[in-house]
Amino acid sequence: MYEEQPSRLPVQTFTWCQWHEGYTATGLMVGAIEQGSGPGMSVYACAPCRQEHDLRPWSETGL
Ligand SMILES: [Zn+2]
């Protein structure tokens, strides 16, 4: 059976929101967790949680 493949898959990136502990499509990286060994883990928060907790996207805070 041949199924026609869409030429372009919809790019929907789901990330894990650390605040409400669930997946979100509106997640943005807001920081990183320091880990004892290895590189830090990126932390994402969804739009509602960013609003509720006054979180700023990592890219806007500057490095
Ligand atoms: Zn959230």
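Reader: What does the accessible surface of the protein chain come to, and what percentage of it belongs to carbon and sulfur atoms?

Author: The model considered here is predicted. The accessible surface of its protein chain comes to about 5500 Å². The share that belongs to carbon and sulfur atoms is 52%.

Reader: In what order do the elements of the protein chain run from the N terminus on?

Author: The secondary structure of the chain consists of 2 helices and 4 strands. Read from the N terminus on, these elements follow the order β-β-β-β-α-α.

Reader: Is R50 buried or exposed?

Author: R50 is part of helix α1, which spans residues 47–53. A residue is buried when its relative accessible area is under 20%. The relative accessibility of R50 is 15%, so R50 counts as buried.

Reader: Which residue has a backbone oxygen that the side chain of R50 reaches?

Author: Leaving aside residues up to four places away in sequence, R50 touches T26, G27, L28, V30, A45, L55 and P57. The side chain of R50 comes to 2.9 Å from a backbone oxygen, and the residue that carries this oxygen is A45.

Reader: Which kind of aromatic pair do W16 and Y23 form?

Author: The whole structure contains 1 aromatic pair. Its members are W16 and Y23, with 4.9 Å centre to centre and 80 degrees between the planes. Planes over 60 degrees apart count as edge-to-face. The pair of W16 and Y23 is therefore edge-to-face.

Key: Residues numbered from 1 in each chain as written. Predicted model: local features only at pLDDT ≥ 70, side-chain atom pairs only at ≥ 80, totals over all residues. Heavy atoms only, no water. Buried < 20%, exposed > 50% of the residue type's maximum accessible area, 1.4 Å probe, protein only. Polar contact = N/O pair within 3.5 Å; in protein donor to acceptor, adjacent residues only side chain to side chain. Contact = heavy atoms within 4.5 Å. Areas by Shrake-Rupley, 256 points an atom, 1.4 Å probe, with all protein chains shown as cover. Phe/Tyr/Trp six-rings, centres within 6.5 Å; stacked < 30°, edge-to-face > 60°.
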